[in-house]
Amino acid sequence: MKFYKTILLLLGLSLLSQNLFANENWKIVISNKLKSDEAIKVALEDLKKISSNYEIEFIFKDESSPIENNTILIGNDSRNKITKKLKAKNLLQLKNLTEKQGFQIITTKINSNTVMVVSGGSVIGEVYGIFWIIDRIMVNQNIPDINVIRIPELKIRTTITSITKENLHRALRAEINWVAGGRLNDLVAWGVQPEDSINQKNREEFKELIKYAHSLHLKLLIYTDEFTYHPNILKEFNAKLSPEDDNFWNAVQAKFRRILTDLPGLDGLMFRTGEFTLAGQSSYKAYDVMHGEDDDSHWSLVKRYQKFLKKVHEVVVGEFDKIYFHRTWITNSFEQHSQEQVYSEIFTNEIPTKNLYLSPYINAHDRWFFTNFNPTFNKTPHNMIALLARMDYHSNSNVKVFPTFSGEYFQSALKTFLHPENNNVKGVQFGLPSGGSLSTFAIMQYTSNRLAWNHKEDLRDIVLDFTSIHFGKNIASEMTDIYFLSAPAYKYGIYIEPATYSVFNTLPHLRLTTFLVLGLPAIDNGKEHIEFLYGLYLKCKPWKEETILYLDHGLKLANEMLTKFEKIKTDFDDDVKKSEVENSLLLTRNLIKTNNLYVKSFIAYFDYLNNSSKKNKTYLTENINSLENAIQEFKNTPGFVYNLFGINQLVTSARQTLSDLEKAKSILDKSPSPSEIRITLAKQQKIYRKVLNDPINKKIKILHWEGHVDGRDIINVKLDQLKIKHLRWDDIQHQKYEFVNQLPPKEVTVIPDDLYSRPIHPFVLEQPNKENDFTAKIYLFDAPGGGDWVKFDLYYIDKKPEQLGLQIPWGK
């Protein structure tokens, strides 16, 4: 008998494993009017689609349908007749919600039938109620009893994205209600062709997107860097680039007046200003009105900033009563974004508050750890939107490291800013989810939205919900533990704590996926990079043991994350997701391990330079050997995409030093300094022009190239193929090139003809030769702050460089 019971039990478990979700049938009762609302349509489509994954089926009925088991009533007593009847009979205890975005969900029994009611303060409240049901289904893998009143604490939740119908859907699903995006310059009537014809068409398309956004109960703003312009508008107003020129401000106001006139349904404009201003396509120009590098005015930052704010406000708010959303961000730590005094000097009582929303990061600087909360909140009566930026400057969207969960930092910042009774925080800004469930975007969007509704909600509950959705309830608790370890693992495992004191960039040696190499190693043999590392070394030296202690702590946490995963590895229901999690944790651990040994190695390197004892030499040798092994392990990890330029240069310099200390010192001493390199390059570029202009030389055009460059890149040209090797700062934007002739596979002299660039102008790093497989390497280096356009034509002359006086001064 016992045997048969065992067989029946196993059979039951087998059947259960084959049908994990019990089939449920639910009826949704909704009025035809409410069902026709576009946002309701999107929400119900999502409900039906997602619920089908859990074998939950819905059928839709109108208000004449009788109450049956498993019925959901959508709409409060003014939008659903059955809700109204049940409330009148005191069968539903519904609150009269005054907040339009709020909703109440009640689950009750009526004549033994399970009935759920979604009652919102308005239609959008009921939309959010449907999304909450979807969330609860995904968390519980069934429809649980829901009895809740949810009213968003922060009424404005905004994001920046490209404006498409799909992204507007995504914003609605994320319960964002202000969406900003688009390209303003591609919509303005500039009074010049072909831009006006193109932009007219763009405006007609954008009008449809505005209309559609409004049907989803979203406000739509255009996001723009300012001041950017087509030169024709300066010509039209006889204006020059100067804050002291009244005609300039007439041109500025005309730009915004035209767009708001031509797009009357637009809800407002979102601005970013400063030295990082991007203009878009090459026919548009950028002018940093706040700092005035392109003008001769001596106006202060405060005076410039106030003038801009007032002039824009006069048009956007004064004339059109629209939203003026202004990001205070700037790439330094001493101006209005990060300094309370500067901020307060700008945002005085002279600056209007009506419809003006300021948006700083919640942290004082940028997306880095080891930065304070932003001190400019609650200092003036101006409305503020807290920008919740991902704290993951050690990664980017295409990197498969484990997500960075910064929720504790976010929540503490919001508690700080919202604590004063009369605080000025009206909303939050965060990114849309992207990159799949195992991405920083996904966990931080989910957390940010939940905190916007209740900034005091238990964080562990939020993350447990997230991990239940994406990994299953059976391992949600353990996965939550791993998420909570991620931020301290990255913070202490990647950052060099003494190097974070009183600086804007607290992660100077790593940006996104690149371990930066300073200088031009092909020219200076790593001299400038070694000087950079020496500066970090001196900051660490007084606290050497503590520096290493912090780094080892971060590595310990990364290993702990892996250990926790190993304990639940066999409990994953999805083998693909299990593999993704495992590889992401390995990549994280190996990133942190490589960084750990990089810092230990440069400390050992300078210790040996300062004291070439046998002990120090042994210690450097051990660290470099370990670093090289870690590099190889890192490179072999699935998903590896990092550039190890700075680490590789240290290894090269250290190996030279271990081989022959005095010779290595001599190489660095004799290598050119940055100023000497610039002089050499200027001489080379002078010869470029002379050779190209000499009619004796038959020049053959290879290609035309243009793009927006921020930092350093190498363009590799071989035959009729072009590849970019990105070295530093942001990737090239708006790249365009066209081959006229291919580069012949032989030794010729390649020369760039600089059409437009800022210093340092394009130069030839390597001429094509047999050793590099006849590849020309053109170095782009936009030295000043921010980025700008680089445009050049590339020619070759069928002579060797030595014949033209263009042999590479630094060797091959």
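A helix crossing is left-handed if the near helix is turned anticlockwise from the far one by less than a right angle, and right-handed if clockwise. Keep in mind that this is a predicted model.

**Exercise 1.** Describe how helix α14 (residues 459–471) and helix α15 (residues 476–494) pack.

Solution. 
- Take the axes. They come within 8 Å and cross at roughly 120 degrees.
- Classify the angle. Values of 65 to 115 degrees count as roughly perpendicular, and over 145 as roughly antiparallel. α14 and α15 are therefore oblique to each other.
- Assign the hand. The α14 and α15 crossing is right-handed.
- List the contact. α14 contributes L459, R460, V463, L464, F466, T467, S468 and F471. α15 contributes A476, S477, M479, T480, D481, Y483 and F484.
- Sort those residues. Nine are nonpolar, four polar and two charged.

**Exercise 2.** Is N232 buried or exposed?

Solution. 
- Locate the residue. N232 sits in helix α8 (residues 231–236).
- Apply the cut-off. Buried means under 20% relative accessible area. N232 has 18% relative accessibility, so N232 counts as buried.
- Find its neighbours. Leaving out residues up to four places away in sequence, N232 touches W190, G191 and V192.

**Exercise 3.** Which way do strand β19 (residues 699–709) and strand β26 (residues 788–797) run? Then do the pairing of β19 with strand β22 (residues 733–739).

Solution. 
- Start with β26. β19 and β26 run antiparallel, joined by 10 bridges. Across this pairing, K701 has Y795 in β26 as its bridge partner.
- Move to β22. β19 pairs with β22 in the antiparallel sense, over five bridges. Here E706 stands opposite K736 in β22.

Definitions and conventions:
Residues are numbered from 1 along each chain as its sequence is written. This is a predicted model: local features need pLDDT of at least 70, side-chain atom pairs count only at pLDDT 80 or more; totals for chains, interfaces and linings use all residues. Side-chain values use heavy atoms; hydrogens and water are left out. Axes are lines fitted to C-alpha atoms, for helices over the stretch in contact, and angles run from 0 to 180 degrees between N-to-C directions. Helices (H or I, at least four residues) and strands (E, at least two) are DSSP runs, numbered from the N terminus. Angles under 35 degrees count as roughly parallel, over 145 as roughly antiparallel, 65 to 115 as roughly perpendicular and the rest as oblique. Contact means heavy atoms within 4.5 Å. Ala, Val, Leu, Ile, Met, Phe, Trp, Tyr, Cys and Pro count as nonpolar, Asp, Glu, Lys and Arg as charged, and the others, Gly among them, as polar. Buried means under 20% relative accessible area, exposed over 50%, partly exposed in between (1.4 Å probe, protein chains only). Two strands pair if DSSP finds at least two bridges between them.
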